[in-house]
Every structure is written in C-alpha cells, then in structure tokens.
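Try each task before you read its solution.

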Amino acid sequence: MKLNSIKLNSLFKHNTTNAAIVAALSIGLAACGGDINLASDVDNSVGDTVINNPAPTTPTTPDATVLAGKSNSALSTQVSAAMGFDVQVQVLDTKISQNTTLVAKDSNGKPVMYAISGGLEVGGSSANKQARNVGDVVLTIEPGTVLFGQSGNDYLVVHRDAQIMAEGTKAQPIIMTSLQDVKGEATDAGQWGGVVILGNAPSNKCPTDGSDCALQVEGVAEGAVFGGTDFEDNSGVLKYVVVKYAGYEIAPDNELNGITFGGVGSGTTLDYIQVHSNADDGVEFFGGAASIKHLVLTANQDDSVDWDNGYKGKLQHIYIEHAKNAGIANRAIEADNDGSNPAKEPQSNPTLSNMTIIGNNFNTADKDSEGIYLREGTAAKIFNTVVTGPSEMGECLEFEGGDTASVTVDNANSGKIVIQNSVMACSNGENFKDSKAADGSVLLDLAAWFTAEPSNSISTSLLINESGVPDANSPLIAAGAGQDVASTQDAFFDTVDYIGAFDGSNDWRQGWAFGFGGGIVTAQAEVEGCPTGTTSITPADGTTTTCEISGKITSDLTLTSNNLYALNGPVFVGEDKANSATLSIEAGTTIFGRSGGDYLVVSRDSKIEALGSNTAPITFTSSEDITGEETGHGQWGGIVILGNAQSNKCPSDGSDCALQVEGVEEGAVFGGTNDEDNSGTLRYVVVKHAGYEIAPDNELNGVTFGGVGSGTKVEYLQVHENADDGVEFFGGTVNLKYVVLTANQDDSVDWDNGYRGNMQYVLVKHDANDGAANRAIEADNDGSTPNKQPQSNPTIANMTIIGNAFDTADKDSEGVYLREGTKAQLHNFVVTNAAGECFEIEGGDTSSITVDQAVAGDTVISHSVFACSENFKNSKASDGSVLLDTQDWVLNQNTDNSTAVDMNAVLNGVFTIDTTTAKDFTGSDFFDNANHIGAVTESNDWTAGWTVGLE
C-alpha cells in the first residue's frame, strides 16, 4: 500500500518567504497537468528531535575553505537561530559533475550544513539521459555532515558509474534529514524526498536481446536509469548514515523510498545504515546485489525492506521496528521477483541472517503491520530471524497464493525458499497465513512447512526488551540457537551463534542510530569521564580528561575523541585467538605513551577500527607531544598488529603457526593460513615519536604488521620520527594506500618472510635536517633460505623517495635495497637526493638468488626515474666480480626507466614534476591508473590537512 504525499503548506508555514514558495510550487504543479494531491494524513506519532547542545566557539578568522554549493544567508540565519550557534548553510541545487567533498566544518571550525534543492544528481549523462551514464564522479561526505531537504521534490541521486563515499563514524554519523528536523520543529514522514543509488548490476527487467539496459527508477526525474551486467558493480560507501523523515509518492507505484537501490552491485560497501520515519519503504532493491550489514529500519510507513526484479544481495544484522503508538506501518519485508512473469531470470534470491522484526498494532482496512510476505516468484534464504509483535499485528509470515498455483509456493516446496534457525512469536494468534488458491483451497500449510524444519520454532516467551535486545535467559541466545552462516552460506556473513539482530551484550545501534543515543542533528553532549575499561588519571595537558589503558582489552571498547588516552605498559586488544575484542577509535582521538615500554598490540582474531578523517586524524604520540615538551624519536613504543596470514617462518609440517613478533613481550604471536584475514582498519592515522629497540634486531617499529591479511584496510597512514623502521611486514598480505613515512631513523619500509601485499601512493622523506636515516625500502625473504615459500613478492606503485645527506660508517640515507631472495614488482617510482645509492640488489659469495630473480624477470622495476649522486650500485660477489650491472638492468632490461640530474629535475617539494608515463593498471582490483609517477602531485595533494613534517 502507498501513501498520499506530504502536506505542502505545513512545510512552509513559518514565514512569508516560505508562503511565496508554496504559491510558486502550486503554480508549477498546476502547470504540469493531472491531479497531483499535495495533501496527506501522515501520522504524527513518531516524535520530535530535541536540540539542546552548547554552541561551539565562534571563529574569529576568515574562512579559507571553498565550500561546495551556494551560500544561502536566509537559511543560514534560520538554522543558526534554531541551533543557537552560527551555522553556514550551503544550497546544493546543480548537478555534481566533478569530484566534490561535503565537509562538516569549515577551516575555522564553523559547522556547515547542506540544503538539497530539487533533484541533486551525482554524475549522469546530460547528452542522452537514456544512455549509460558517464563521468566516474565521486561525492565524498565527511563524518558528522548534515544534509537536509525542504520538500518531497528534494532528493539525492547517485547515477551509474558515479560514487557516493559517505563514511561516517559511530560518534559522527552522516545525517540526511528534513529542514524541520534541523530547525527543531515538528517532524514527520515525507518532509523531503530521499536517496537513490543507481548501478550497473542486472535486473530481470533488462532487455533479453543483449542491448544496453537503462531502466527508469521510480520516483525520480526521467533519465535516472539503472541496470547492466555487473553484479559486482561499486557505487561507493554508505557507513554510519542516518536517513530521516523522507519518502514521497509522486503517483501510485511511483514513489521515493528512504534509500532506493537500483541495480546496485555487491562492490558497494553498506554498513551501519538507518532509515527512520519514511513515508514509503525504508529500503527498496530493484535487482542488483547490494549487501548490507547493521541495518536499522524504524517507524517507516510502508514496507521496511522491499525487493524486486532479481535482487540477489545479502543482509545481516537487521533491526526492524514499526512505529510506536500504533503509527502507520505495513510489512517488515515485502519481497517480489516479477509480477507478470514470476519465474523470470535472474530470479530474486537474497540471503538474510540475524534479523529482528517488531511489529505494532496499526490495523486498517487498507493495510496493517505485518512480518514477512514473499510473493511474485521470489526465492530467499532466511536464517536466524525472529518476528514478533502485539495482539493486533497482522501475520508474522505469509507466502503468496494464486488462482490455481503459485510460483512462490513452488519455490518453497522445491527448496528455493529456505527459512532456518528462526522463531515466530506473534501474539495475535496468526503467526502464519496459509497460501491459498482463488477458490479458497490451501496451496501450502505454512505452519506445517515452517515447523518441518527442526531448527525453527514458535515462541510465546522471547525475553527481549522493548528495543529487541534479548536478556541472558532468552532462547534467542541459548547455546546452539543460531546458525553460523559464515561457514554454511557465505564469507560475507559474520560468524554468529544467536537468533535475531543482537547477541544480548553488544547493541551495535548505540551511539549512532536515532532513538539509540545518536542520529540527532547536533552533536550530542559529550559524556564526561572515561569509558568503562579505562581509568581516569591526572589530565595530561592540565585540562582534558585523561584515561589510562592497561593490560588486556577483552571486550569491545570505544575511545571517544573528547578524552586523551595514556597507554600504560603493553596493552593487548584481546588474547591470542581467545577473548577477542574490537578496539574502536573515533576520529580526532589522541592516544599517547610515556616510555618505550608503552605500546599497543592487536592480537590474532581481534580488531582495531581506527577511523579518522582528513580533518580529524587519529594520533598516536608521546606524552612530550601532549605537554608541549621537546619531541623526538623513540619516546614510546608503537603499534603492533598480529594476524592469521601466512609467513614462511611457519612450520612446514602443517602444525599450528604461532611466531613471536619482534619487540613485544612473549605471547604476542602471529601467522596462520588465512591470507584474507581481517584485523580491522587504520584510516587517517598518524603515529609519531615512537620506536624502541629492546636489543639489537629486536625492536618496535612505528607500525608492525605480523601475518596481517588482505581483509585489513590500511589507508592514509603516517609514521613520523620513529626510532626504528616506519612500517615492517613479517609475511602476510595486507595492502596499503596513501602512506607517508617521514624522518624515520632506520628503514622506512621493511618486509620479510613471505610478504605479498600491495602498496600504492607511498611518500618517504628522510629527515629534512639530515638526521639519522637508512633505506627507504629494505626488502627480504629469508636469510637462511632465500627462495623459501611463500616468497616475498609485493607490488608497489607510485612511490616517492626523498633521501638526505646523512652518511656515517654504519649507515647512510639510501633508496631501495632488495636482498635475501625477495622478489618485487616496482612501478612509477621517483627516487632522489639520497647520500647513498638509489637502487641496489644484494650480491653474494659466488651467486645471488635475488640477482637471479632479477635477471629472469621475476623482479621488475618500470616507469621510474632516479636522481641520486649514485643512482645504482652493482651486485657483486665476495671476490669483487660483478654479478649484475644494476644500471644496465634497470635502464635497458626493464621498461621506461630513466635518470635525472638532481631532485629539482623530478620534484617540486614532494610533488612530482617528472613527466614519465605511468604504468597502466587497467583491470587491477587494487591499483589506480595514476596519471603520474611518484606518490603525489600538486593537483592531487592527498597529504594535505592530516599529515605532519612535510613543510
């Protein structure tokens, strides 16, 4: 069932300017022809947002930020008055045709909000709206950003081939809402349009003759099309995003949902998303394979989840709650394949796990609150799901019948519809509604079908609270209640052993979702004091609450940005493959150590989720840095991350691998067989003044990666002024992008023992004052068995190495040194200004495996330029004979390499000016096709705003 559209007058009732807008819209709508009804009886029971937070400090210096959109003084005045502090409102009313970033604050700290005016299109083809969209435009939205619409005609569309990168945090979710919410006025469903994301994944509405697919999406202006052939298409990221008070019905069956996914592929990252109080569906999927984790759908007035036309995605950790006080609601899930051809391929067949559905008492002649309705030929796999609700709620579970037969029923009988480890607990006496033919005969006894699966049950005592969280005695979290879908279905799913969205101890909605301590327009008042699991100590800077962390962290812990955090000795996140935990760190948080014995270790099977931002990086530093004293190298320990990926030091007999990592107390071990292991995320993290040598060859690096797998995300990482290596990899496959390594006193990048990851955009700059330095890259496989398997063989692209004049008898500033049997694939390098050689490959007594691999083409360097006083050092045997003429090998046996006179010929500061053509990485899943060699250019300075030491 669909709703009428909004009460237009109520949106603009507060001043004469808005009255004029009403009049103008009325004239425009009348000119369109037809009977467009702008009246509505939308239920007002959802509630208001209360804004009662202190104002930030008013900036006193001019704003140097160039903000997206157009400044609007009238809206800025209105919103500022409502907030009680100064807010800059920018109106977004034109197509976004180039990469654009929406910031939450300007450069002076003044809050910025964005008013969507009309259909805000990201990308898209203007020349032919039915053609495949072009442009590869990226809209980036920073954590904490607020966007709002003013009417049902205000919506956001992300076209095919464009991307939205909306990555909020738990403490700073991105909020898309209505003007009324921003101003603290009465809120209601349907006060603005919503979000539409369009991709290139298949729909069974696409032409069957192989011609281009361009399907018009519902609720949006002509030309907003979707569909294609790429189920893995990537439309970007939505993470910690809250969409409120949206939804708009243009005409019956032509409406805007909270978030519409049209042909969106599985490459899109969707996690921690809420749609609240939407006038139509919460989320709807038209084909595609978009997959979501941690989805909250509350008080939506039609279906909470709706899918159609060949949807094949995956959903896990889903919480659906119909509006309190019997507010308007319909189905938690309304699921279709195709109405006219129910068996049409590709057939809708998503997989869902860990879903909690709580209905309400809304019940009218047209529609009521219901659970799950599967129809029009859909298939589905549903696991670990609970459906419950009060006495006047409709049925918990229903499959569509038909005149004399039903494809949906056939799917159930043939095993295409599977429901396992699930509980029906409706108190209305109607857990099930049988599937019937037109004559009333039963096509499927649904209760019998459901209970024939031994893992399913019917319950009258769930023991959950009003927010769906089970208590300690709930059958939903009893031993063996849930199915581990990670092992039985797909690696997308998290490992679980419970039914429903929650495990009874971790309410993942808290702090970011509206109604659960987050999701309000203004930043919530910071909670004073230290998080549970830390201890309050004397403020390190004299004023800021300072919390000490020590010992082992064996339950999930979040470090909030309003405090300082002191490491006290070795701090372990989890124990080795036991008592695992996740350490979450908010953007802008600072953690410090006070001695070389203070360091952080992330154990195997535990995670660190350090999600900084360009404007609020996470900083690990020394106490001297906090107190304003003189900083230097080695003032605290560093960070160690341990994973389950391979190292060639692991036992060859297949027994368990547990390798002690350097520089850390006994028991800090790594290694295993899972090269795709996930140890979490490091994003916009700066590590300063660390590194500590316990004994020769037993030291702490800035960040040590021990057997860390490729599932770990590392991007925008800096290590500055470390007393040992910047980053070191002991085996593993972890990948890095956007890395800055400055003024580190030993090797900037060091790898050993089978490291096989990728790196792109790596900037190394030795101390600008010619302080201690060694190699930008020191690369090994194994000293005793150089060709030991798995063999070190990383691929590195777009690296800039700026050496210095440091030169002593023990070591000097050098470029790249490959030794001990490592292989390497090196491309797009700029190496310059080193006191020692730019490039060297290890020799040997009479031969060298490292040299042999280079001659055989197993190691390559290409599309690179060298500008040192000694560009190349030959590989020699112990008797002095030359094993490899390194200069000849680089310049004549590899591709597109050259030399230059000096640093000024190749760089302007850190920016590449050399015009060597970069390597083509077309087809790579990791590497970008950069238009330059080296790490960074002046036109794309990704180091700006968050790094230190590059002045």
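**Exercise 1.** Find which residues of helix α5 (residues 407-414) are buried, and work out how they are arranged around the helix.

*Solution.* This is a predicted model. Start with the list: Thr 408, Val 409, Asn 411 and Ala 412 are buried in α5. Now look down the axis of α5. The buried residues fall within an arc of 155°, so they line one face of the helix. Recall the helix rule: an α-helix has 3.6 residues a turn, so residues three or four places apart point the same way. Next, turn to the face directed away from the buried side; Asn 413 and Ser 414 are exposed there. Then see what the buried residues pack against: the partners include β25, β28 (417-420) and α6 (446-451). Finally, check both ends. At the start of α5, a side-chain oxygen of Ser 406 comes to within 3.2 Å of the backbone nitrogen of Thr 408. After α5 comes Gly 415, with a positive phi near 90°.

**Exercise 2.** Identify the edge strands of the ten-strand open sheet.

*Solution.* Write the order: β5-β8-β11-β17-β19-β21-β23-β25-β27-β30, with parallel pairing. Edge strands pair on one side only; here they are β5 (119-122) and β30 (432-433). Check β5: its parallel pairing with β8 (residues 155-158) has four bridges. In β8, Val 158 is the bridge partner of Val 122.

Conventions: Residues numbered from 1 in each chain as written. Predicted model: local features only at pLDDT ≥ 70, side-chain atom pairs only at ≥ 80, totals over all residues. Heavy atoms only, no water. Buried < 20%, exposed > 50% of the residue type's maximum accessible area, 1.4 Å probe, protein only. Helix = DSSP H or I, 4+ residues; strand = E, 2+ residues; numbered from the N terminus. Arc of directions from axis to C-beta. Contact = heavy atoms within 4.5 Å. Polar contact = N/O pair within 3.5 Å; in protein donor to acceptor, adjacent residues only side chain to side chain. Pairing = 2+ DSSP bridges.
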